[in-house]
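Hello,

Here is the structure I promised to pass on to you. Have a look at it first, and then read my notes below.

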Amino acid sequence: MGREIALQTGAAISEIVPLEPYTAADLDYTDPHSRTSREQADPSSRPGMASDTGDFAAFDTLFLGYPIWHGLAPRIIETFLEAHDFDGKRVHLFSTSSSSSGERSKEELERTHPDIGFDGLLHLTSRDLPEREELVGEWLLSLAEQEDSEVKVNVNVEGRTGELVLEESPSSGALIELLKEGRLEIEVDDYGNMEKVGELPIVLPRNDSPIEVGPGDVVLYLGNSLCFYYGTHSWDFTRLGHLEGISTREEALSFLGGAGPKEISIQLI
């Protein structure tokens, strides 16, 4: 399946080769004492790789594939993931098996590597192989459509950067259109020991409703002001989104630079 993905995307292929090759006896999943059975039963097992899989620092999207062994990805996949830096990279997973599902393998990799952005999984069983060209094509098309629909907004406060995850709304859409014209610089200051507020250069459409907000929330007030919350409040607002990874007052204040006036820069990534 990896070759089919490479054929349809034009991607380069790099193979993860085990330092100690697996024999037919090693791969006997019916034998509880076989090498793969023992490795898969041991979460700390990290089989060695024969060589480095190459430098992919210049790539922001990777496709990582593997067979399903005892419901999981082979432990050498963990070896590979721990040997490289995936910061800022999107990793699409694909897996194969005789008949079992691959979803558990993705869930386990997400649990053990929460810092890696696993996005999407294509799993094919042996009965799917005759249609793999069509199935791979449909999957790649869905990934492309998903990527095209995603808009990422970067927020910078005195060198500290974070991502503003926007909610879908006419207000957020209007903010995106404003940011398409260029970076937005906003002077903000504290209000009520709970937020930093700054004026926008234009009035955005509002969809106010009674909501509760907390640390990391970003709301639109009166259509012409952005409020970055580090405390909690309830009022008629238009919620725009949330600063990713921020859930406490301390985290929000740290990102916003503490008390006092600040300059916040907002731009599309």
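**Aromatic pairs**

Trp69 counts as buried, at 17% relative accessibility; buried means under 20% relative accessible area, exposed means over 50%, and partly exposed lies in between (1.4 Å probe, protein chains only). Before we go further, please keep in mind that this is a predicted model, in which local features need pLDDT of at least 70, side-chain atom pairs count only at pLDDT 80 or more, and totals for chains, interfaces and linings use all residues. Residues are numbered from 1 along each chain as its sequence is written, and side-chain values use heavy atoms, with hydrogens and water left out.

How many aromatic pairs does the structure hold? There are five aromatic pairs. Rings of Phe, Tyr and Trp (its six-membered ring) pair if their centres lie within 6.5 Å; planes under 30 degrees apart count as stacked, over 60 as edge-to-face and the rest as tilted. Tyr22 lies in the loop between helix H1 (2–9) and helix H2 (35–41), and Trp69 in the loop between strand S1 (61–67) and helix H3 (75–82), so the pair ties together parts that are 47 residues apart in sequence. The helices (H or I, at least four residues) and strands (E, at least two) are DSSP runs, numbered from the N terminus.

Phe63 and Trp139 also form an edge-to-face pair, at 5.9 Å centre to centre with 70° between the planes. This pair links distant parts of the chain, since Phe63 is in strand S1 and Trp139 in helix H5, 76 residues apart. Phe63 is partly exposed at 30% relative accessibility, while Trp139 is buried at 8%. Elsewhere, ring pairs join Tyr221, Tyr229 and Phe237 into a cluster.

**Salt bridges**

Arg35 also belongs to a network of salt bridges that links Glu20, Asp26, Arg35 and Glu39. A salt bridge is a side-chain nitrogen of Lys or Arg within 4 Å of a carboxyl oxygen of Asp or Glu. The structure holds 15 salt bridges.

One of them joins the side chains of Arg46 and Glu82 (3.0 Å, N to O). Arg46 lies in the loop between H2 and S1 and Glu82 in helix H3, so this pair ties together parts that are 36 residues apart in sequence. Arg46 is partly exposed, with a relative accessible area of 32%, and Glu82 is partly exposed at 49%.

Arg90 forms a salt bridge with Asp119, and their closest N and O atoms are 3.4 Å apart. Arg90 is in strand S2 (residues 90–97) and Asp119 in strand S3 (residues 117–125), 29 residues apart. Are these two buried or exposed? Arg90 counts as buried at 15%, and Asp119 is buried at 16%.

Arg111 and Glu108 form a salt bridge in which the closest N and O atoms are 2.7 Å apart. They are three residues apart in helix H4 (residues 103–112), so about one helical turn separates them. Arg111 is exposed at 57%, whereas Glu108 is partly exposed at 22%.

Which side chain of opposite charge is nearest to Glu4? Glu4, in helix H1, is buried yet has no salt bridge, and the nearest side chain of opposite charge is Arg132, 4.9 Å away. Here Lys and Arg count as positive and Asp and Glu as negative; His and the chain ends are not counted.

**Two buried residues**

Leu140 lies in helix H5 (residues 132–149) and is buried at 13%. Leaving aside residues up to four places away in sequence, Leu140 touches Ile5, Gln8, Thr9 and Phe63, where contact means heavy atoms within 4.5 Å.

Asn154 lies in strand S4 and is buried at 18%. Not counting residues up to four places away in sequence, its contacts include Thr161, Gly162 and Ser265.

Best wishes
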